[in-house]
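Student: I am new to this structure. Please take one part of it and walk me through that part closely, then show me what surrounds it.

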Amino acid sequence: MKITVDRDRCVGSAYCQRIAPTLFDLGDDGIAVVLDADVTGPRAAAAREAEADCPSMAISTGES
Amino acid sequence: MTGSLADLVRVEDTSFYDDRQFDVYNRMRTEAPAYHYEPLDVFLLTRMDDVRYVSTHPEQFSNASGLTLNQLRMAKAGASAAFERFNEPDGELVITKDPPRQRALRALMSGNLTPRYLQGFQDALDGFCRDLLDRTGDGAPFDFVDSIAAQLPLYVAAALLGVSEVDIPRMKSWVAALEDLTKVNSAADLEEPGQRFDELKRFLRDQLERKRRTPGNDLISSFLASSLDGSPAPDPIVLAHVATLMSNGGTTRLLLSSIADLLAGHPDQMELIRADPGLIDGVIEECLRLMPPARGFVRTATAGVKLAGVPVRAGQRVYMLYPAANRDPGHFTSPDSFEAGRPQAYGHASFGFGAHFCLGAGLARMEAKALFTELISRYGSIRLAGTPTRYEHVQLNGWATLPVTLHR
């Protein structure tokens, strides 16, 4: 799986960081950064949960 | 519940918002999910999917032509000009703009109010929580709203903005003035809160001058050092956003009082979080979901569009009813029950979605978590010590008074 964050859409809610702290962090500007873009298994499930819950729909997960 | 929806849907009437509102929403969601409320020519949205759609399509649903039902009421009464007094000329408030301008203004705010920046205030926040709880006696009755919920956001705002605690009583009156704005019944009623708002603006202009001479480690100083379109952020914009930050302590007050009320009504959940304080996050989200501090916001259609199968013309308004969307059974199982461990905790609409997602969400959650972490470390139960009174307001939801006692 390939995780990307659209930095123009991100509103810094930090939901992704709360849901999957090993996959997402917030940069100094408060906008999400992906820590590990290429994941499989349970971590891919966590990434999909972050994608679904992102309040600004800034996260995409797709096949790598 | 019988009767026609036209008789039951009384969204301009504060008495509508008691426990019976939820049965009305259930009917609206199935019978008319985009219900046309004739008196204000606005479509009321009660399904989560529609609320999410409208929030995340700002090109189709604009923030620039009114945000609250009361604004629509005042416009209908010809009182729009009186409303303008509350806006700083050239203030360009982020919530009243659409992308792309909205994005630039938002970056000014969010670039300063980052989680990392807020972390620097954690110790001060914990100290405020201890002080406030030290002042309320073990087992002695007190008003949770007046003694704690109204105080904490003001202390936090003073610390964040680098303003003296001496000014807190005045800040409290400015918060009330802003809330009156969305509450008044006539243009004449806008005069008194308008005067208090003028006073707030004078106060903030003085603060801006003070911080320009002697910058500190506070938000006013960092706004003044921020750039917008490649130039220093203009004063009217800084002022408008600082005023918003200060006055939005009101919604945090409502959230804190609602959490206390929920825990008083659910001693089992109180026991759960005492055994596992990590569940406090879930309690906060459930409270936001069940008792959203802001009941909703208006958007204006920029072009003709269909919502829930209903045609909406360009210029017509829609109103997103958060307490209805938050109990949409299509999104939440047993939507009326309070479950700290609910798996879909973050799906609620209470901070909005999309470009206008609440800028203060992180701060509000941080305050709630600090306060209730300290409270449960001291006390095993919150009990009502009298009849609480609802805050009489169409848009804002919570308690005006909440008499309680705390017990070990």
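Tutor: One term comes up at once: two residues are in contact if their C-beta atoms, placed from the backbone, lie within 7 Å. By that rule, the contact between the chains takes 14 residues from chain A and 16 residues from chain B. On the side of chain A that touches chain B, six residues are nonpolar, four are polar and four are charged. Keep in mind that this is a predicted model.

Now to chain B. Its secondary structure comes to 19 helices and 14 strands. The radius of gyration is 21 Å, close to the 22 Å that the globule rule gives for 408 residues, so chain B is as compact as a globular protein of that length. Its C-alpha trace spans about 55 × 55 × 40 Å along the principal axes. Buried residues make up 46% of the 408 residues in chain B. Take the contacts in chain B with a separation of 6 or more: residues 24 or more positions apart account for 72% of them.

Find it in an open sheet of five strands, in the order β1-β2-β10-β7-β3 (chain B). The pairing in this sheet is mixed. The edge strands are β1 (34-37) and β3 (61-62) of chain B, and each pairs on one side only.

How enclosed is β10(B)? Five of its five residues are buried, so β10(B) is largely enclosed by the rest of the structure. Buried here calls for 20 or more other C-beta atoms within 10 Å of a residue's own. Look at the two faces in turn. B:Arg317, B:Tyr319 and B:Leu321 lie on one side. B:Val318 and B:Met320 lie on the other. Both faces are covered.

Next, the partners of β10(B). With β2(B), β10(B) pairs in the parallel sense over four bridges. Here B:Leu44 stands opposite B:Tyr319. With β7(B), β10(B) pairs in the antiparallel sense over five bridges. Here the bridge partner of B:Thr300 is B:Arg317.

For contrast, turn to another sheet in chain B. Three strands form an open sheet in the order β4-β14-β11 (chain B), with antiparallel pairing. β4 (142-143) and β11 (381-384) stand at the edges with a single partner strand each, so one side of each is left without a neighbour in the sheet. Four bridges join β11(B) to β14 (residues 403-407) of chain B. B:Leu384 stands opposite B:Val404 there.

α15(B) lies across β11 and β14 of chain B, at about 95° to β11(B). α15 (residues 249-265) also packs with helix α17 (residues 280-290) of chain B, at an angle of about 105° and with the axes 10 Å apart. That makes α15(B) roughly perpendicular to α17(B). By class, their contact has seven nonpolar, one polar and no charged residues. From α15(B) come B:Leu255, B:Ser258, B:Ile259 and B:Leu262. They meet B:Val283, B:Ile284, B:Cys287 and B:Leu288 in α17(B).

B:Ser227 is found in strand β5 (residues 227-228) of chain B. B:Ser227 is exposed, with 11 other C-beta atoms within 10 Å. Leaving aside neighbours within four places in sequence, B:Ser227 is in contact with B:Pro232 and B:Ala233. Its C-alpha atom is separated by 32 Å from that of B:Gln71, 156 residues apart along the chain. B:Gln71 is among the buried residues of helix α4 (residues 69-76) of chain B. After α4(B) comes B:Gly78, whose phi is positive, near 75°.

Note on methods:
Residues numbered from 1 in each chain as written. Chains lettered and ligands numbered in written order. Predicted model: local features only at pLDDT ≥ 70, side-chain atom pairs only at ≥ 80, totals over all residues. Pairing = 2+ DSSP bridges. Helix = DSSP H or I, 4+ residues; strand = E, 2+ residues; numbered from the N terminus. Rg over C-alpha atoms; globule rule 2.2 N^0.38 Å. Buried ≥ 20, exposed ≤ 12 C-beta atoms within 10 Å, placed from the backbone. Nonpolar A, V, L, I, M, F, W, Y, C, P; charged D, E, K, R; others polar. Axes fitted to C-alpha atoms, helices over the stretch in contact; angles between N-to-C directions. Parallel < 35°, antiparallel > 145°, perpendicular 65-115°, else oblique.
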